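Visitor: Please take me through this one step by step, and spell out the criteria as you go.

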Amino acid sequence: MLRFETAGESHGECLVAILTGLPAGVPVSLDAINHELWRRQQGYGRGGRMKIEIDRAQLVSGVRHSHTIGSPIAILLENKDWKNWTEALPVEDVDGGEDKKKPVTRPRPGHADLAGALKYNFHDARYILERASARETAARVAAGALAKALLSEFGIEILSHVIAVGPVRLDRLATWEEIRGLSQRPDVLLGCVDSGAEEKMKAVVDEAYRTGDTVGGVFEVVAHSVPPGLGSHITWDSRLDGRLAQAIVSMQAVKGVEIGFAAEGAANFGSAVQDTIGYAAGKFTRGANRAGGLEGGITNGQDVLVRGLLKPISTLRRPLESVDLVTREPALAAYERSDVCVVPAAGVIGEAMVALILAQAFLEKFGGDSLDETRRNFSGFIEQVRNF
């Protein structure tokens, strides 16, 4: 019912996002979309590309007079670095074009370079890395901002925070108020709600800078005020936890995902893990939220908690051992301008992916060609839950 896809390469002319299935009448703010794009570019440890690109969304279809009209929404994001690549990556071949290419023949361990070159039979990984680059996620964030716009009409908010950078980890739970306050700061260091832990995280990033290395971490996306009943237990691919997990792992450099407190649960007995059920003041209550707001693949009315485990970026200023694709001789891996730490930015991208999946499940549940129709259906279900 709600579908999205992206197109474009890291150094191509632009990125494109197409979102189909949003009902008519959803308020859309370009400022809100651009703010999400700004958030994606922030954080201590970002590379030189962030000094070049100042992302601004251009809506070319599907929105008129600041509201969706029910048709596919197309978003363009200009790549300002394109002017430096027009001869290296032209759409049409030209005489002498071979001499202007910027080939990548020394694949980077951990990147898509070698696997993609083998798959598509390229002896130059340039075309692979252009699409595999996390630059593509700017288009995801723009599409996710529209999904957030829909969900916000029903009181659902989605934000993120960083709980680990390298070995340094936040040793307590963050409150929703802290996470919301973090999102309202005018600048971003490492996206952690605890200033003491954040300073220790910064020291880890500083060490990576000094040694020519990179560092990963863990971000947590929190979806607040999600109603019960999204997703289903009846088929494997309708379980919402599985869909959320796939969305997060689809992000570049994410190698693992956790719903709620899965790792903690795996190390304990069942009596210490399950969220007890109570009833007070006319509604069901829960003793905790270790399940992360999802049971049996269905939202249970608590906050949805999704964590992404981000490996260190593959491009190192102190490159690792590799092999040249042409000569087959040992060589140091290629270096492309890159980041040292992207965990806060990954959290913003994670928000977009969670928003898109929740918006899909929301519209599967409540339908509606217009926002008013969706609102009527939603209100009827909430009344049913209230009277259960």
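Guide: One criterion before anything else: two strands count as paired if DSSP finds at least two bridges between them. Helices (H or I, at least four residues) and strands (E, at least two) are DSSP runs, numbered from the N terminus. This is a predicted model, in which local features need pLDDT of at least 70 and side-chain atom pairs count only at pLDDT 80 or more, whereas totals for chains, interfaces and linings use all residues. Residues are numbered from 1 along each chain as its sequence is written, and side-chain values use heavy atoms, with hydrogens and water left out.

Visitor: OK, what is the strand order in the open sheet of four strands?

Guide: The order is E1-E2-E6-E3, and the pairing is antiparallel. E1 (3-7) and E3 (57-61) are the edge strands, each with a single partner, so one side of each has no neighbour in the sheet. From one strand to the next the twist averages 20 degrees, where axes are lines fitted to C-alpha atoms, for helices over the stretch in contact, and angles run from 0 to 180 degrees between N-to-C directions.

Visitor: And how many bridges hold E1 and E2 together?

Guide: E1 and E2 pair over five bridges in the antiparallel sense, with Phe4 standing opposite Leu19 in E2. Their hairpin has six residues between the strands, and in it Gly8 takes a positive phi near 120 degrees.

Visitor: Which residues of E2 are on the covered face?

Guide: Leu15, Ala17 and Leu19 form the covered face of E2 (residues 14-20), while Cys14, Val16, Ile18 and Thr20 form the uncovered one.

Visitor: Moving across, where does Ala17 sit relative to E6?

Guide: Ala17 stands opposite Ile75 in E6, and E2 and E6 pair in the antiparallel sense over six bridges.

Visitor: Is Ala74 buried or exposed?

Guide: Ala74 is buried, at a relative accessible area of 14%; buried means under 20%, exposed over 50%, and partly exposed in between, using a 1.4 Å probe and protein chains only. Apart from its neighbours within four places in sequence, Ala74 is in contact (heavy atoms within 4.5 Å) with Ala17, Ile18, Gln58, Leu59, Val60 and Ser61. Thr6 is 68 residues away from Ala74 in sequence, and the C-alpha to C-alpha distance between them is 9.7 Å.

Visitor: Which helix lies across E3 and E6?

Guide: Helix H1 (residues 30-40) does, running at about 135 degrees to E3. Glu36 belongs to H1 and is buried, with a relative accessible area of 12%. Leaving aside neighbours within four places in sequence, the contacts of Glu36 are Val141, Ala145, Lys148, Val348 and Glu351.

Visitor: Switching topic, what span should H10 have, going by its residue count?

Guide: At 1.5 Å a residue, the 24 residues of H10 (residues 343-366) should span 34 Å, and the end C-alpha atoms are 34 Å apart, which agrees; the expected span is 1.5 Å times one less than the number of residues. H10 is mostly covered, with 22 of its 24 residues buried, and just after H10 comes Gly367, whose phi is positive at about 60 degrees.

Visitor: At what angle do H8 and H10 pack?

Guide: H8 (residues 240-249) and H10 pack at about 150 degrees, with their axes 9 Å apart. From H8, Leu240, Arg243, Leu244, Ala247 and Ile248 take part, and among their partners in H10 are Met353, Ile357, Leu358 and Glu364.
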